[in-house]
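Please open the model in a viewer and keep the selection panel at hand.

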Amino acid sequence: MLMMHTPRVGWKDAGIGTWPQEDLKAHISFMHRFNKELTDAGEFVDAQGLALPHEARVVRAKKGGGPEVTDGPFAEAKEFLAGFWIIDCESTERAYEIAARASAAPGKGGVPLNMPIEVRQVMGRPPEDL
Amino acid sequence: MTPLDADAEHLLRELAPQVLGAVIRRFRDFAASEDAVQEALLAAAVQWPEEGVPDNPRGWLIHVAARRMTDHLRAELARRRRETVVVMQVPADQQVAPAADPPSLAYLGSSFGAAGTGDGSEQDDTLILLFMCCHPALTSPSAIALTLRAVGGLTTAEIANAFLVPEATMAQRISRAKQRIRTSGVPFRMPTDAERAERLSAVLHVLYLIFSEGYTSSIGPNLQRSDLSTEAIRLTRAVHNLLPPGGEGAGEVAGLLALMLLTDARRSARTGPDGELIPLTEQDRTLWDRNAISEGVALITDTLSRGSIGAYQLQAAIAAVHDEAGRAEDTDWPQILALYGLLKRMSDNPMVTLNHAIAAAMVNGPPAGLELLRALDADERLAGHYRLDAVRAHLLEMAGDHQAAIAHYQAAAGRTTSIPERNYLTTQAARLAERE
């Protein structure tokens, strides 16, 4: 699983909302091609973008049951999860390679964003004889 | 395994509801019949490519499904017999309810010779099934799933795939829907005349939802899942062919079919090479499907000439006005404005008011449109919905207030749950910001 993190501050002031139109187009086009390449290579399992964090809520169980809902995500976090890919590939090295390509998605002025991509193994089944 | 060719596949899907109707008629148990028919369809998909399509495909499917039902009933009978033995061992005064009669095996001997006699009952079966699957007792997602499976003949896996949920989730949804039909005791028959109008509108609503789900996929990275749209058009066409023209409700069925055809005609112009959304005014109109447009226009012209009017017909008429304009600037906006005015009087739907505001802005200038939007600010159904921000941004841009337009484009981008929409709205804001 590749998790794409984006700086939390200033989505509108400093983030993607301030990019020139051409840079936005280049970014969207990159993501489209990237997903298509993963699909063609048979490595694509799933990819989803997430709604922006101001729509997010954190839910905890209240004492005695029922949801207790607060605005989220956690205020102290500097970055938020913008989206993720689940890929099925041969090796850890290959997963790192793919993550590096996602990280280098073009940003403002076509400069690679170098977004942090968190790579996590999806847990498998237990061995036959546990 | 050789795949089924397109003709045979088409035939299977067309026969699916007829076969199911015949089996339910004999055995009455909707849920079990539906399972049996699914098994028969699978058997056909495996055997027909090898052995060829049988001379009487409908009879073949009914025969196979009935054999499955027989097996099912025998197993059920054996189970009940075991339970009856247990019941017999309980003293009679402790029995709270008498054991139900076991299902009769008398059905099993009945012949299916009536298959394909052409008396029209097989067509009616398709309609009865639709009325059953779109029953008001079901929630929309259940009705959609059941309609696609029982009437559309899609497998659970195909439906799950179309709605991007795991197969087990969809199987559960379908099973709940069948359970619901069983407990609500909906009989397998045509709705009475008194029920008919309401039930037909439920059917059309479900078909419309299937179409929209395919056309503007509300979730996920892809804007269009065309298989669902195609399936919705196929089913609506079937209903259109089954209802006598000029009969009650026929106008709205024709209207819905026309609306789907006229909207779907723009499909290939609606997205760019990177999957990005292209609005109506910027679409390459040479990519529009002329045949679909001609068919849609003919349908809506014919039904309106019969003096019939309804919400689907009005929406189809609006789509026709758009489709008939060779260039965006040739669009007959005064006519669209008048049609939205009629539609607004028929249905209290904030989405209609949104579109009405756009038409008003095109005809009478942006302040007229913005004025209409103000009425929606207090509407709770739209509270926080990105479409209100998106339309307001568009009208503010027309009015030359670019700063306010940028703010509303960005607000809309932050609220939509569709990535292509978000990309589109963010790009609009960026385009305006560059002009400032």
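Begin with the open sheet of chain A, whose 4 strands stand in the order β2-β5-β1-β6 with antiparallel pairing; strands here are DSSP runs of E of at least two residues, helices are runs of H or I of at least four, and both are numbered from the N terminus. Two strands count as paired if DSSP finds at least two bridges between them. Select next β2 (44-49) and β6 (117-119) of chain A, the edge strands, each of which pairs on one side only. From one strand to the next, the twist averages 25°.

This is a predicted model, in which local features need pLDDT of at least 70 and side-chain atom pairs count only at pLDDT 80 or more, while totals for chains, interfaces and linings use all residues. Residues are numbered from 1 along each chain as its sequence is written, and chains are lettered from A and ligands numbered from 1 in the order in which they are written.

Now select β2(A) together with β5 (residues 79-87) of chain A: the two pair in the antiparallel sense over 5 bridges. Within this pair, Asp46(A) stands opposite Ile86(A) of β5(A).

Select β3 (residues 57-61) of chain A next. Of its 5 residues, the number buried is 0, so β3(A) lies largely in the open; a residue is buried if 20 or more other C-beta atoms, placed from the backbone, lie within 10 Å of its own, exposed if 12 or fewer, and partly exposed in between. Its antiparallel partner is β4 (residues 67-71) of chain A, joined to β3(A) by 5 bridges. Arg57(A) has Asp71(A) in β4(A) as its bridge partner. The hairpin of β3(A) and β4(A) has 5 residues between the strands, and there Gly64(A) takes a positive phi near 85°.

Display chain A whole: it holds 2 helices and 6 strands, in the order β-α-β-β-β-β-α-β from the N terminus on. Of its 130 residues, 13% count as buried.

Move to the contact of the two chains, which takes 16 residues from chain B and 18 residues from chain A; two residues are in contact if their C-beta atoms, placed from the backbone, lie within 7 Å. On the side of chain B, select α19 (402-415) and α20 (419-435), the elements that give two or more residues. α20(B) gives the most, with 8 residues.

Within chain B, select α17 (residues 366-374), where Pro366(B), Gly369(B), Leu372(B) and Leu373(B) are buried. These residues lie on the same side of α17(B) because they cover an arc of only 125° around the axis, the arc being that of the directions from the helix axis to the C-beta atoms. The buried residues of α17(B) pack against α16 (350-364) and α18 (386-398) of chain B.

Finish at Val19(B). Not counting residues up to four places away in sequence, Val19(B) touches Val37(B), Ala40(B), Arg58(B), Leu61(B), Ile62(B) and Ala65(B).

Definitions and conventions:
Axes are lines fitted to C-alpha atoms, for helices over the stretch in contact, and angles run from 0 to 180 degrees between N-to-C directions.
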